[in-house]
Amino acid sequence: MFRFENVFQHPLREINFTIEKNEKVIFFGPSGAGKSTLLFLFNRLQDPDQGTILYQGKPISEQPIPELRRKVGLVLQSPNLFPGTVLDNLKYGPALHQGWEDNMAEKLLDYVRLPHNYLHKDADQLSGGEQQRVSLARTLANSPEVLLLDEPTSALDYRTAEEIEAVLKRLIDENKLTMIMVTHNLSQAARLGTRGLFIKEGRIQEDGPIKNMLNSPQTNMLAEFLKE
């Protein structure tokens with residue numbers, strides 16, 4: 001599905017890996033390692049200084065950005081909803097390519113477990129957890145194949161984070177999405193991910209089944225990180 005070939009983008013160096021369809025991949029490591037930079041390369045929020053990124057066998061540099069971002073959706077730590085109602089937010093993306101149908105709105109709210117009467121609420125009147133649910137629903141409205149998650153629960157209180165995590169798991173499983181997530185929460189990484197990429201000093205230092213990595217690190221660098 002995705003292939004990175006000798007990609008450089010500060011602070012990242014010599015990044016090489018492949019992600020297959022339906023994988024659930026976690027990027028983790030110390031702050032400043034390049035995790036979010038790496039995530040943003042998938043949908044061209046940033047472009048590499050060097051190297052090639054392939055999606056479905058074709059360089060993403062040759063793919064129209066709006067179409068790429070429809071297929072490869074991004075959910076950030078802060079929801080960044082548009083001014084207007086919940087409905088305005090949900091229909092924004094699909095309406096750009098005539099893909100919105102009125103019966104989609106309630107279905108999307110059902111997915112993220114919000115009542116239908118939220119459709120006409122102003123987005124800025126919602127709680128942080130509610131806004132993150134709407135952000136998820138807005139991304140899902142584009143029918144993505146890949147879901148990029150940049151610490152989607154780190155700004156939420158513990159209980160709300162648990163609820164969002166449960167919503168995420170359901171969305172990913174039911175829609176058979178490929179998930180690529182940055183998180184500092186290693187317990188969450190083990191619950192949501194199947195594969196981990198440990199990133200430090202701009203390089204992938206270890207790559208493998210996430211639970212094995214957390215329980216039996218193969219490198220001294222990861223072992224030291226887990227002790228901290």
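1. Leu197 stands opposite Asp207 in strand 10; strands here are DSSP runs of E with at least two residues, helices are runs of H or I with at least four, and both are numbered from the N terminus. Strand 9 (residues 195–200) pairs with strand 10 in the antiparallel sense over six bridges, where pairing requires that DSSP finds at least two bridges between two strands.

2. The model is predicted: local features need pLDDT of at least 70, side-chain atom pairs count only at pLDDT 80 or more, and totals for chains, interfaces and linings use all residues. Residues are numbered from 1 along each chain as its sequence is written, and side-chain values use heavy atoms, with hydrogens and water left out.

3. The open sheet has six strands in the order 6-7-8-3-9-10, with mixed pairing. Strand 6 (72–75) and strand 10 (203–209) each have a single partner strand, so one side of each lacks a neighbour in the sheet.

4. Helix 5 (residues 128–140) lies across strand 6 and strand 7 (146–150), at about 170° to strand 6. Angles run from 0 to 180 degrees between N-to-C directions, with axes fitted to C-alpha atoms, for helices over the stretch in contact; contact means heavy atoms within 4.5 Å. Helix 6 (residues 158–174) packs on the sheet and touches strand 3 (24–28), strand 7 and strand 8 (178–182).

5. Tyr92 lies in helix 3 (residues 86–96). At 45% relative accessibility, Tyr92 counts as partly exposed, a class between buried (under 20% relative accessible area) and exposed (over 50%), with a 1.4 Å probe and protein chains only.
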